[in-house]
Amino acid sequence: MNTSVNNSLSAKATNLKGQIWTLIESITRYKPAFFGAIILGSLLFIAIFAPLVSPFDPNLQFPTEARVGPFTYLEGSDRFVLLGTDQVGRDQLSRIIYASRVTLLVSFFAVIISCLIGTLVGLLAGYYRGWFDIIAMRWVDISLAFPFELLALSIVAVTGPSLTIVIIILSLRIWVVYARVVRGSTLSIREKDYINGAKAIGAGELRILVRYVLPNVLTPVLVVSTLYIGRMILIESSLSFLGIGVPATTPTWGGILGDGRAYIDTAWWIAFFPGLAIMITVLSVNLLGDWLRDYFDPKIDI
Amino acid sequence: MIYYLLMRLLQAGFVLIGITAVCFIVLHLTGDPAALLLPENATEEDYDNIRKTMGFDRPLYIQFFDYMKNAFSMDFGHSFQQNQPAFKIVMERLPATIELAIVAFVIALLIAIPVGMISALRRGSKIDIASTFSALLGQSMPNFWLGLILIFFFSLYLDLFPTSGRISFGMSNEAETKFFMLEGIFTFNFSLFSDAFLHALLPSITVGLYSSAKLTRLVRSSMLEVLSEDYVRTARAKGLSNFTVIGYHAFKNASIPLVTLGGIELGLLLGGTVVTETVFAWPGVGLLTVQALQNDDFPVIQASVFLLAFIFVFVNLAVDILYAFLDPRIRYS
């Protein structure tokens, strides 16, 4: 019961409830991040409740009402299309709403997978050093600077496009970032007194890694996750745009944009709105990520 | 210094071998590489033939060494679509990609250096905030979307630039090489240069803006770091003009990280213009690869991945060497 700390206005509260509260308090003070959080929250809501939120069935086609501009009432099908219709008369807004599901799903799984692999590699490389560290970090350097789209292209050429492949490709791209950041944190943590203390009382290596090192690298992992979700959404949409991402039967922002490209001179809204959705989402994540980094550790090198 | 260079050279070699290995693994990912190297209508006889000529019936490690030998002699087999060596087809498209990457890189630097420096000098001012926000915006924008907006506004609506391609129809017969802009400059063929330049401008802006967002942040932070150094204070104390202090003493030192990251960025640009090339129908290696993918032309894909990886490793090596000369404190550790 440490009420004095809990009640004090110090920036870093000691218990979890206090920490979360300070975090919330801080985000409401920094407007851009607050804005980003609200947009992301609404997006999550829209994606989860897509069948309830979207005005029409995203796959219902009305070929006679194809390529109708935004803000139009369509008498034939009794629809008000806020963002217009696409090349086969489907409601754009509904398609964009459903597409948000794919985007969030892909980034969610890619984050989880790359986070698990990257954290594991980073922990082992940073804690044990040696040849594993050298090889892992060399690999990280190479893949961070390698033109990735081409590799993705050649992988998809072999396997064919699918949701799973997109998630695998994204994870291949991002895990190295986790590995580098976690390794950096581990390097400094392993020199700390409490690690020596744990060793002195005879704690096993696994126990030290899981119980003492891992909790201390979670903050950078959180920051990296936020900063890189935006990057993942961009890569996912460009793969779908090129037709090598999620198969065209599922609406994706990049896919809708790619289809709308052919109609840019007659129906600009088909390509414009999904792109706007991508930009707003990525911007929100980036604003949130920048703030999280500044909040926890401005010196984190990502 | 020599040790440093040797180590870098050795590393570059290892990276190349690693990339070859990755290409090899990708080729064998489905279990039957013959299926990838043959067109869809191939007969059983074709399969037996290619298995024999490529040696797919031999042990994997022998195949790998063979593959590596072929890769380093730039032999990736024949394209299915055009009956030519895959490598030759890719090489023909390379000048377009190089030209696009270089113009984009120049645009990125032209934006990043002045904006980054001003942001650092006027830290916290409206200009600084605006540039930080634009950098954030630039990094959040999908570049294919930006490209389409540029086409819509500047090409279709204002009719200022061509919508696609590298050069006007008929103009390409005039050119001797595939480097249209360079040739235009050196042969004083102004119409060739301006035609190629107008075609290149929108795609280069599309590619360059994203890089400039990254580079602006870098210039700003390294400039801020340098401005608080002792030698800048000494230079000011000597009574040198503001221009000399910032332009010479500060910028020269701030540009060292710029060389490294700029080099990596150029390497990325050379291999990372796939999307933009598709949007603008720019006939470079990226577009070729996407088309090859749609036609299941696997040898062409392998050839272009390998070639761009090779260029990429080479650019990085060049940057490392340059870096060692710029900053003599760099030693291999």
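Helices (DSSP runs of H or I, at least four residues) and strands (DSSP runs of E, at least two residues) are numbered from the N terminus. The model is predicted, and local features are considered only at pLDDT of at least 70 and side-chain atom pairs only at pLDDT 80 or more, whereas totals for chains, interfaces and linings use all residues. Residues are numbered from 1 along each chain as its sequence is written, while chains are lettered from A and ligands numbered from 1 in the order in which they are written.

Chain A contains twelve helices and two strands, and these follow one another along the sequence in the pattern α-α-α-α-β-β-α-α-α-α-α-α-α-α. The C-alpha trace of chain A spans about 80 × 50 × 25 Å along its principal axes. Of its 302 residues, 43% count as buried, a residue being buried if 20 or more other C-beta atoms, placed from the backbone, lie within 10 Å of its own C-beta, exposed if 12 or fewer do, and partly exposed in between. Two residues are taken to be in contact if their C-beta atoms, placed from the backbone, lie within 7 Å. Among the contacts in chain A between residues at least 6 apart in sequence, 68% join residues at least 24 apart.

One residue of chain A may be followed in detail. Arg183(A) lies in helix α8 (residues 163-189) of chain A and counts as buried, because 24 C-beta neighbours are found inside 10 Å. When neighbours within four places in sequence are left aside, Arg183(A) is in contact with Gly122(A), Ala125(A) and Gly126(A). The C-alpha atom of Arg183(A) is separated by 8.8 Å from that of Asp133(A), although the two residues are 50 residues apart along the chain.

The contact between the chains takes 33 residues from chain A and 37 residues from chain B. On the side of chain B that touches chain A, helices that each supply at least two residues include α1 (2-27), α6 (126-140) and α12 (242-271), and α15(B) gives the most, with eight residues. The residues on this side of chain B divide into 25 nonpolar, twelve polar and no charged, where Ala, Val, Leu, Ile, Met, Phe, Trp, Tyr, Cys and Pro count as nonpolar, Asp, Glu, Lys and Arg as charged, and the others, Gly among them, as polar.

Helix α6(B) has buried residues at Ser131(B), Ala135(B) and Ser140(B). These buried residues pack against α10 (205-241) and α12 (268-296) of chain A, together with α5 (86-121) and α10 of chain B.

Within chain B, the axes of helix α10 (residues 190-227) and α12(B) come within 9 Å and cross at roughly 155 degrees, the axes being lines fitted to C-alpha atoms over the stretch in contact, with angles from 0 to 180 degrees between N-to-C directions. The two helices are therefore roughly antiparallel, a term used for angles over 145 degrees. The residues in the contact of α10(B) with α12(B) divide into 13 nonpolar, four polar and two charged.

Two loop residues of chain B deserve mention for their backbone angles. Asp159(B), in the loop between α7 and α8 (171-174) of chain B, has a phi near 60 degrees, a positive value in a residue other than glycine. Asp159(B) is exposed, with 9 other C-beta atoms within 10 Å. Ala281(B), in the loop between α13 and α14 of chain B, has a positive phi of about 45 degrees although it is not a glycine.

Note on methods: Angles under 35 degrees count as roughly parallel, over 145 as roughly antiparallel, 65 to 115 as roughly perpendicular and the rest as oblique.
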